[in-house]
Amino acid sequence: MIRNPENGHVILAGTVKDEQSILDFQDTAWKRWGRVCLRCRRPAITLHEIVSRSVYQNWWKDILNSIPVCNECHLWAHRNGEAGRAELQDIVRKWVELHK
């Protein structure tokens, strides 16, 4: 189990063989995106997987699937299912295009 050092919340639970790889990936994601919510530009509190961990086995290897979001946008993403997923994927596409 991996916990957020700032607040103690569980970041990752379950059986992952290499927790250090997950932590390294998360560090890389934060460095890539910054600590600002990609949807609203407020301070980000978590990395949100656009395609769920339960569906996408290699979620922790795909930097374009894990994006920083604030608490409000994180809740929004979970409430809006496919529509939310489509909007977040569009945001990622635009960000990547802008930062080529």
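Six salt bridges turn up in this structure, where a salt bridge is a side-chain nitrogen of Lys or Arg within 4 Å of a carboxyl oxygen of Asp or Glu. Side chains of opposite charge can pair when their charged atoms come close. A quick word on the model: it is predicted, so local features need pLDDT of at least 70 and side-chain atom pairs count only at pLDDT 80 or more, while totals for chains, interfaces and linings use all residues. Residues are numbered from 1 along each chain as its sequence is written, and side-chain values use heavy atoms, with hydrogens and water left out.

Let's start with Arg 39 and Glu 87, whose side chains meet at 3.0 Å, N to O. Arg 39 sits in the loop between α1 (19-33) and β3 (46-49) and Glu 87 in helix α3 (residues 81-98), so this pair ties together parts that are 48 residues apart in sequence. Helices here are DSSP runs of H or I with at least four residues, strands are E runs of at least two, and both are numbered from the N terminus.

For the cut-offs, buried is under 20%, exposed is over 50%, and partly exposed lies in between, with a 1.4 Å probe and protein chains only.

Next, Arg 93 bridges to Asp 90, with the closest N and O atoms 3.9 Å apart. They are three residues apart in helix α3, about one helical turn. Arg 93 is exposed at 52%, whereas Asp 90 is partly exposed at 29%. Salt bridges with shared partners join Asp 90, Arg 93 and Lys 94 into one network.
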